[in-house]
Amino acid sequence: MNRNFPFTGIAGHDHVKEALLCALVCDTIHSLLIIGSPGTAKSTLVRSVEALVEGKKVITIPQNITYDRLMGTINLELAMKSGSIEFSPGILSQGNNHILYVDDINRMDEGTLQCILTTSQNGQYVLEREGLSRVIISRFTLLASMDPQEGSLSSTHMDLFDLCVRTDRTCDIQTRAEIINRVLFFEQSPDEFICAYEKETEDLKTLLIKARERFPYVTIPEGHLDLITSLCIELGVEGYRGDLALARTAKALAALNQRDEVIFDDIKRAAILTLEHRRHECQSTSQQQSNSHSRDKERESDKNDRSSENQHDTSGISNYQRETRSGENQKTETFSSSAHEMYFDIGKTFEVIRYLDEESWRATHKQKTGRRSRVISLDSSGHYRSFRFPGGKCRNDIAIAPTLRAAALHQHMRDRNGVVISVKKSDLREKVREKKVAHTILFLLDASGSMGVQRRMVAVKGAIMSLLTDAYLKRDRVGLMIFRGSHADLLLPPTRSPELAAKMLKSIPTGGTTPLVQGLTDAYLLLTRGKYALASENKTIVLLSDGRGNVACTNKSPDAEITEVARKIAGTGVKFIIVDTEVGFPRLGKARILADDLKGSYFRLENLSVQRFADSIKEMTNLMP
Amino acid sequence: MVCEKWLFRKEIMTVGGVTYPFSAIVGQQDMKDALLANIVCPSLGGVLIRGEKGTAKSTTVRAVVDLLPEREVIKGCIFHCGIEDTRSMCDSCRELITQGKKPDSEFIRMRVVELPLCATEDRVAGTLDIEHAITRGLKKFEPGVLAMANGNILYVDEINLLDDHIVDLLLDAAAMGVNFVEREGISYAHPARFLLVGTMNPEEGDLRPQLLDRFGLVVDVNGEKDSKVRSEIIKRRLEFEKDPAAFSVLYEREQEAIRNQIIKAKEIISEIKPDERLIDTAVAISLSLGVDGHRADITLVKAARAFAALDGREEVCKGDVIKAAGLCLPHRMRRRPFDESGFDSAAVHGIIESYYQAS
């Protein structure tokens, strides 16, 4: 007997239940994502579904699954011993006609995620791995859950989910009390609890069967179909997956309500389930509008800029020092200076020196492939380089030719049992694979007023552009975060498309105070929590700043706070590179101190350029006798 | 020696055993034209389809399966060497021909061979056949996806996410039309001429410039913004899901028409001699855009011819050149990363206009 918490016994979460039922009614609703904080009954809901459909199991895909377990592989050890090639199916093919469940999907490796999601959409996958070649049918309903605090999924992956619901925090005291009562009752005597809900469960099962039968005959009136599509256009939904999911869900809702025609209310409810996670594209278009708006402003400010430039040149530093001293007036300063936002052009670009200390990267498994450095991979992905004796556990990644060669020497002494070559365990050699490791580089840019001094920002933008070009050539992932005024903004989450970053660079405003601590903390947390923590082990924060932070998060002095935070996060897995942008006189050298606290590498902006670096070396050698 | 058992991987890319009909796809004319032009003239070098998620990119590519023409190949050759094309034959077929023998031929349908993202290197290039090595003690080559793709369409979904080492294999094979295998004690070469078709969503990252340059045509697709048209798309898809077989019957006549269009175009394309005006136009455009390589000019001429052939004409007209220019030039413009100089379509149209004024 099924011992899961019964579906009908779960209090609240009506949206989620509705979505789950829709997915059970309609086979073309392939996937459902449940977003919610920990402890909001996400997995309980998913597991309870099993009791509602005859003959379907809920199979959990573990977080750290490898390709061979996911898609199936040859049992190589058996193949070597008996000579026959056998396919041992993976979870995806075992899940055919069942329900697959992935918890914390936002922390999953991207390749695996891509594979699961496209399989759920296509109902099949092509296996071309390790001597196996076949198309495998796999139709399943994918249920996934995630905690939004652990990071988000890319919009492409979000779009592959037909439905997406949030488990809300239950604020109603009575419902919360009811939940506690039920859970306690269930824990004490599960059988009794399940029996108490037996009747409701049976009714729901009958309803589901009827709805499944009715579903193909449910029609959408012409006008309502137009409503669906115009709704999607209005919300800026990209592609037709949203429209299709909405139409299917509306039909499923009608079927569940025992109607043969979709009514307006179905569409309204279905829209909440299907479009909410797709509509953020809309915001990005409005952002673009504001970008173009800011570009207009930029032109205006360009004029202002030129007129105020001279003034800045002379009074820039004193201006800035005043700003640093005025601790109490910070708030008003922020406002007044953000009113004088400036937009600087991108300065000259140059070829970048090898600023990442590449030799020191350690080999770790599950690394993204990139081109900066090569490591020995610990899983069975990457380029087959050489072979070795398997140490301890056999990874089923056997190097065939060396194994055969090793076995060949002993053939005349062995009982071959009908096969031509008898292979013993001692002959087995496993593959050593190598792959290129990608780096995640987060550019953390100080966009405060001090960067506007002497149009410093022009040179800095030029430097970032050069670093981006370098990252582009080396297939790194890059992200861009700026801090100014009172907070830090993530302009671009780490992506493989540095082009996006380059496009944004131009419209970065300059002005305001320097919340260095805030920026540093946000950047650090981004790379150490959630999906970027797992995605790639080589993480670097390139901080471009003069190190003169002047906004504190606590009541300590900004400088003391910076030191404290820097020492805390130094040497904990993220590398820091500090590019000092300080100009003028006197130099405070705060960036240098920060670099030491962070145990990071320190460069002056000028020295990043290969040409300039070479020039400065030449200069030094020339000076020597 | 070559092992044959894997070469016949069944391709099923359908709902309930039926592919969504090509002719039932609403709009997306550029994407359809580019695919058809490549089928008519495989030396065009493939298509890359870029666009937002969920805009029927892969549905369209997969729908092509049902339209592909037959080709005459040497009977029994596992690489399906074309009977006409003596230059790109596998070793055993070439030997037959040079010995003056006349091998039997058969007609087989072109296929769409899909390369999954997580394919391993050994399956792409081919490797030692383990079963044979163990049971018989003989070295035998087991062909990979590149062998299957010979003479067919090689399709990579989300091609921008393909691992670099697999991309290297594709590039090597595409450049020479031959796949050289040197691994695990196997040394082998076989023809691998395929039509590369890729789809991608640029949001997820860029394609390597070398790979981008391999594609003859690049199409950018966008979602439909008109709600009436969009409703039609959704309606057809839902109807298809309800009863795929019945839906396909409705479009069978149109499908047959496209099949005939392809067959006819393949017949007349060799009749279309690239005239001086076409070649001059192509050269003038390339020079004015400052494109370095010659691939742009050549592709432009070939594509214009293919479009004329698809239209059943034996003469290339202005419309063909304009269409061809829009599909083969824009992606070759960018020479540096982040170069936003873009494609000046007005200037190109101006040049075409000046050459084709008379007609």
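Predicted model: local features only at pLDDT ≥ 70, side-chain atom pairs only at ≥ 80, totals over all residues.
View 1. Chain A carries 23 helices and 20 strands, and of its 625 residues 45% are buried. For the complex, the predictor reports an ipTM of 0.83 together with a pTM of 0.73.

View 2. The mean pLDDT of chain B is 83, with 91% of its residues at 70 or more.

**View 3. Helix H9 of chain B and the helices packed around its buried residues.** Helix H9 of chain B, residues 227-242, contains 16 residues and reaches 22 Å from its first C-alpha to its last, close to the 22 Å expected for its length. Buried positions in H9(B) are B:Arg230, B:Ser231, B:Ile233, B:Ile234, B:Arg237 and B:Phe240. These buried residues pack against elements of both chains, namely helix H11 (222-234) and helix H12 (241-256) of chain A and helix H10 (244-268) of chain B.

**View 4. The contact between the two domains of chain B.** Chain B is divided into domain 1, which comprises residues 5-69 and 110-221, and domain 2, which comprises residues 272-355. The centres of these domains, taken over C-alpha atoms, are separated by 26 Å, and the contact takes 16 residues from domain 1 and 15 residues from domain 2. On the domain 1 side, the elements of chain B that give two or more residues are helix H1 (29-40), helix H8 (209-214) and strand E11 (217-221), with H1(B) providing the largest share, 6 residues. The residues on this side of domain 1 divide into 10 nonpolar, 3 polar and 3 charged.

**View 5. The nonpolar cores and the surroundings of B:Ala303.** The largest nonpolar core has 172 residues, and those with the most contacts inside it are A:Leu163, B:Leu154 and B:Ala303. Leaving aside neighbours within four places in sequence, B:Ala303 is in contact with B:Ala37, B:Leu44, B:Gly216, B:Leu217, B:Ala324, B:Leu327 and B:Cys328. A second, separate core has 54 residues, among them A:Leu516, A:Val574, A:Val579 and A:Ala591. In soluble globular proteins, nonpolar side chains tend to be buried together.

View 6. Most residues other than glycine have a negative phi. A:Asp104, which is not a glycine, has a positive phi of about 50° and lies in the loop between strand E5 (99-102) and helix H6 (110-122) of chain A. A:Asp104 counts as partly exposed because 18 C-beta neighbours lie inside 10 Å. B:Glu158, also not a glycine, has a positive phi of about 55°, and its place is in the loop between strand E7 (153-157) and helix H7 (164-176) of chain B. With 19 other C-beta atoms within 10 Å, B:Glu158 is partly exposed, since a residue is buried if 20 or more lie within that distance.

Terms used:
Residues numbered from 1 in each chain as written. Chains lettered and ligands numbered in written order. Helix = DSSP H or I, 4+ residues; strand = E, 2+ residues; numbered from the N terminus. Expected span 1.5 Å × (residues − 1). Buried ≥ 20, exposed ≤ 12 C-beta atoms within 10 Å, placed from the backbone. Contact = placed C-beta atoms within 7 Å. pLDDT = per-residue confidence, 0-100. Domains from an automatic or database assignment. Nonpolar A, V, L, I, M, F, W, Y, C, P; charged D, E, K, R; others polar. Core = buried A, V, L, I, M, F, W, Y, C linked by C-beta atoms within 7 Å.
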